[in-house]
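Morning, everyone. I have one structure to walk through today, and I'll keep it brisk. Please have a look at it before I start.

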Amino acid sequence: MPRPTARVLTLLELLQSGGVRTVAELADRLGVDERTVRRYVEHLVDLDVPVESVRGRYGGYRLASGYRMPPLMLSDDEALAVLLGLVAGRRSGLMTATNAAGETAAAKIRRVLPQRLGGRLNAVLDSLAFTSPERELPAPDATVLLTIADAVSHHRPVSIRYTARDGRHSERTLHPYGLVAHSGRWYVTGADPAIGEGRTFRLDRIAGARTLPGSFNPPEGVDPAELVLKGLATASYRHEVTLRIRGTAEQIRTLLPASVALIEESDWSRVELRVERLDWLPGVLASLDLPFVIERPDELRDLVVALADRLKESALR
C-alpha cells in the first residue's frame, strides 16, 4: 500500500495537470476517503504549495495560477513527450532566438528524472536518427513572440519594428489575427490599418514589438494559416507566371502547394505563381504529367522546350 508521502506527491501531480479537481475525484484517484484528501491538502499548504479551495457545486481544489513550483512531476509518457518536443522543435527551426534555452531545458529535465526513467529516455534520445538535416533558420525573439501572441489573444494592436527582405527598416502598426508556423519559420498575419490591407510578417525580421492602446475586431471566420500561405504565394518576385493546367487542385497541389501557387479550379485550372527563378518550373510541370498551357512568361516556354529536347536526346541515346 502506498505510504502517505507517496499519496501526497500523487495529489500534487494530479493538481499540476490543471483545472479544478473535486474532492470525490481526488479521493477516488488516491484510494482514500474525502477527509484524508483534505488532510493531504493541508500537508501541501504546510509545504507552501498554493492549493486553492474552490467553493460551489463544482468546487474542489486547484493550484494557484502562475506559481512556479518545484518539483515538476511528470509521468514517463509526459517526460518523453516534453523531451521529444524540444528535440523536434530545435531540429525544425521553430525555436526562439534563445536557441540554447531548448537545450538547457532538456538538460534540466534529464538531470532531475529518476535514474530508472532517465536511463530509458536517454536510450530513446541517443538512438534516435533523423532522415532530414537539422534546420538552421533565423529565429524570432522570445519577447516579440510573447508580445504578439498576447495581442492576438486580446485583439490589441501592436507596433512592430520590421526589416524587409531588401533591408529597408520601418515601423508598422498591425492588427494581428494569428501566429502561424510554416516550414520552420514563424509568421504573424493581420491587417495594416494605415493602408486597410492584410499583411504577413516574418517574426525573425521583427526587432521589437509593443502593445498599443485600444482594441480591434478581427473578421469573422478568418484563417491565419490560409492568409499566410496566400501571402507567400503572392509575394513580390521577379517573375509572374500564369498557367492553365488540365487537372484538379488536388493533383496540382502535390507539386505546387498553397504557399507557392494560387489555383482557380476548373476543367483547365488557372494557376498563378510568383517566382524569383524559372529554371525549376519545367521539371515540376513535367512531373505533374498533366496537359498545360503557358500564358506567361514566354521565357518559360523556351525553358520547357529546352528540357523536352534534353529528355528526348537522353531517351534516344
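Let's start with one residue. Leu307 counts as buried, because its relative accessibility is 17% and the cut-off for buried is under 20%. Before I go on, a reminder: this is a predicted model. So where does Leu307 lie? Leu307 lies in helix H11, which covers residues 298–316.

What is Leu307 in contact with, once we leave aside its neighbours within four places in sequence? The contacts are Pro282, Gly283 and Ala286. Take Ala286. Along the chain, Ala286 and Leu307 are 21 residues apart.

Helix H10 spans residues 281–288. That helix lies across S8, S10 and S11. H10 runs at about 15° to S8.

**The four-stranded sheet**

That takes us to the sheet. It is open, it has 4 strands, and the order is S9-S10-S8-S11. The pairing is antiparallel. Which strands sit at the edges? S9 and strand S11, residues 292–296, are the edge strands, and each pairs on one side only. On average, neighbouring strands here are turned by 20° against each other, direction ignored.

Now look at S10, residues 269–275. One face is covered: Ser269, Val271, Leu273 and Val275. The other is uncovered: Arg270, Glu272 and Arg274.

S10 pairs with S9, residues 261–264, over 4 bridges, in the antiparallel sense. The two form a hairpin, with 4 residues between them. Across that pair, Glu264 stands opposite Arg270.

S10 also pairs with strand S8, residues 239–245. How many bridges join S8 to S10? There are 7, and the strands run antiparallel. Here Arg244 in turn stands opposite Arg270. Thr242 has Glu272 of S10 as its bridge partner.

**The five-stranded sheet**

Next, the other sheet I want to show. This one is open too, with 5 strands in the order S6-S5-S4-S3-S7. Again the pairing is antiparallel. The edges are strand S6 at 197–202 and strand S7 at 206–211, each pairing on one side only. Neighbouring strands in this sheet are turned by 45° against each other on average, with direction ignored.

Where do S3 and S7 meet? Strand S3, residues 158–163, pairs with S7 over 5 bridges, antiparallel. Within that pair, Arg161 stands opposite Gly208 of S7.

Which helices go with this sheet? Helix H7, residues 142–154, lies across S3, strand S4 (169–182), strand S5 (185–192) and S7. H7 runs at about 40° to S7. Helix H8, residues 224–233, packs on the sheet as well, touching S4, S5 and S6. The direction of H8 makes about 120° with that of S4.

**A nonpolar patch**

Last stop, the surface. Leu84, Val124, Leu128 and Phe130 form a nonpolar patch there. Together they have about 290 Å² of accessible area. Val124 lies in helix H6, residues 115–127.

Is Val124 buried, exposed or partly exposed? Val124 is partly exposed, because its relative accessible area is 33%, and that class lies between 20% and 50%. Membership of a patch needs over 30%.

How values were computed:
Residues are numbered from 1 along each chain as its sequence is written. This is a predicted model: local features need pLDDT of at least 70, side-chain atom pairs count only at pLDDT 80 or more; totals for chains, interfaces and linings use all residues. Side-chain values use heavy atoms; hydrogens and water are left out. Patches are made of residues with over 30% relative accessible area and no salt bridge: like charges are joined within 9 Å, nonpolar side chains (Val, Leu, Ile, Met, Phe, Trp, Tyr) within 5 Å. Accessible areas come from the Shrake-Rupley method with a 1.4 Å probe; for residues, only the protein chains shown count as cover. A salt bridge is a side-chain nitrogen of Lys or Arg within 4 Å of a carboxyl oxygen of Asp or Glu. Buried means under 20% relative accessible area, exposed over 50%, partly exposed in between (1.4 Å probe, protein chains only). Two strands pair if DSSP finds at least two bridges between them. Axes are lines fitted to C-alpha atoms, for helices over the stretch in contact, and angles run from 0 to 180 degrees between N-to-C directions. Contact means heavy atoms within 4.5 Å.
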